[in-house]
Amino acid sequence: MDRNAFSKLSYGVYIVASGSKERQNAFIATTVMQVTAEPAKLIVACNKNNFTMPLIRESKVFAASVLKQNYKPTTMGTFGFQSGKDFNKFEQGNEFIFGENTQTPIVLEDCLAWFECRLVDEMDVGTHILFVGEVLDARIIAEDEQPLTYSYYHEVKKGVAAKNAPSFVSNNIEYSLKIIGVMKYICTVCGYVYDPQVGDPDNGIAPETAFEALPADWGCPLCGVGKEQFEEE
């Protein structure tokens with residue numbers, strides 16, 4: 001099987017949250033889609049090992065927020081590469097509200113729209129559970145922003161899938177190195193590769209900038225962690 005074929009599937013990138021005011025969590029999801037119009041329903045894929053999965057089952061509510069293209073690396077780092085089992089993601093300064101209909105947390109940070117849903121069905125499909133939610137409310141919060149797609153995240157940001165994502169494969173970092181070409185330093189948190197020949201122009205780092213010459217406050221463009229989280233090949 002040519003696993004590269006899966007990279008041709010089209011995805012968005014979302015933050016799915018669930019829980020209550022007492023306990024909540026959220027994660028980065030690529031499988032969120034509308035499946036019916038009347039009543040409007042969304043389907044979300046959640047890994048069985050994800051800390052959010054039992055919260056959705058227990059509370060029977062969830063929210064899906066559409067991540068914007070120019071997100072901050074710390075937003076992706078918090079919701080995509082950190083576990084809610086280790087710390088509370090909603091105590092990291094990210095903007096959010098509680099839904100008026102469900103009291104589920106709704107992430108606003110770096111998002112352009114959100115959907116508040118009531119769980120109506122689920123399906124076990126192997127590594128993941130598909131949750132079906134009826135949309136109770138939806139809002140646009142950043143009219144002029146572009147939504148982040150997985151293609152942009154993968155091809156432009158050089159990001160790789162988190163281990164609980166449906167698109168994750170165990171050799172995803174090796175795959176990312178293959179498509180990028182020459183590589184020098186790898187982020188051990190998210191798999192981003194810093195190539196001195198390319199630099200990090202979006203953050204003011206010119207091509208041909210050695211890793212050792214990066215500013216002390218430079219962080220991973222993908223997840224926001226510091227230089228100490230990078231390893232040489």
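Among contacts in the chain between residues at least 6 apart in sequence, what percentage join residues at least 24 apart? The share is 60%. The model under discussion is a predicted one.

The chain contains four helices and twelve strands. It has 233 residues, of which 49% count as buried. Its accessible surface amounts to about 11900 Å², and carbon and sulfur atoms account for 49% of that area.

Strand 5, formed by residues 61–67, is mostly covered, with seven of its seven residues buried. V61, A63, S65 and L67 point one way from this strand, while F62, A64 and V66 point the other way. Residues on both sides are buried.

Strand 5 pairs with strand 1 (residues 14–19) and with strand 8, the latter spanning residues 111–124. The table sets out the two pairings.

Is V120 buried, partly exposed or exposed? V120 is partly exposed, because its relative accessible area of 34% falls between the limits of 20% and 50%. Leaving aside residues up to four places away in sequence, V120 touches K41, V132, G133 and E134. Of these contacts, E134 lies 14 residues from V120 along the chain, and the C-alpha atoms of the two are separated by 6.5 Å.

Notes. Residues numbered from 1 in each chain as written. Predicted model: local features only at pLDDT ≥ 70, side-chain atom pairs only at ≥ 80, totals over all residues. Heavy atoms only, no water. Helix = DSSP H or I, 4+ residues; strand = E, 2+ residues; numbered from the N terminus. Buried < 20%, exposed > 50% of the residue type's maximum accessible area, 1.4 Å probe, protein only. Contact = heavy atoms within 4.5 Å. Areas by Shrake-Rupley, 256 points an atom, 1.4 Å probe, with all protein chains shown as cover. Pairing = 2+ DSSP bridges.
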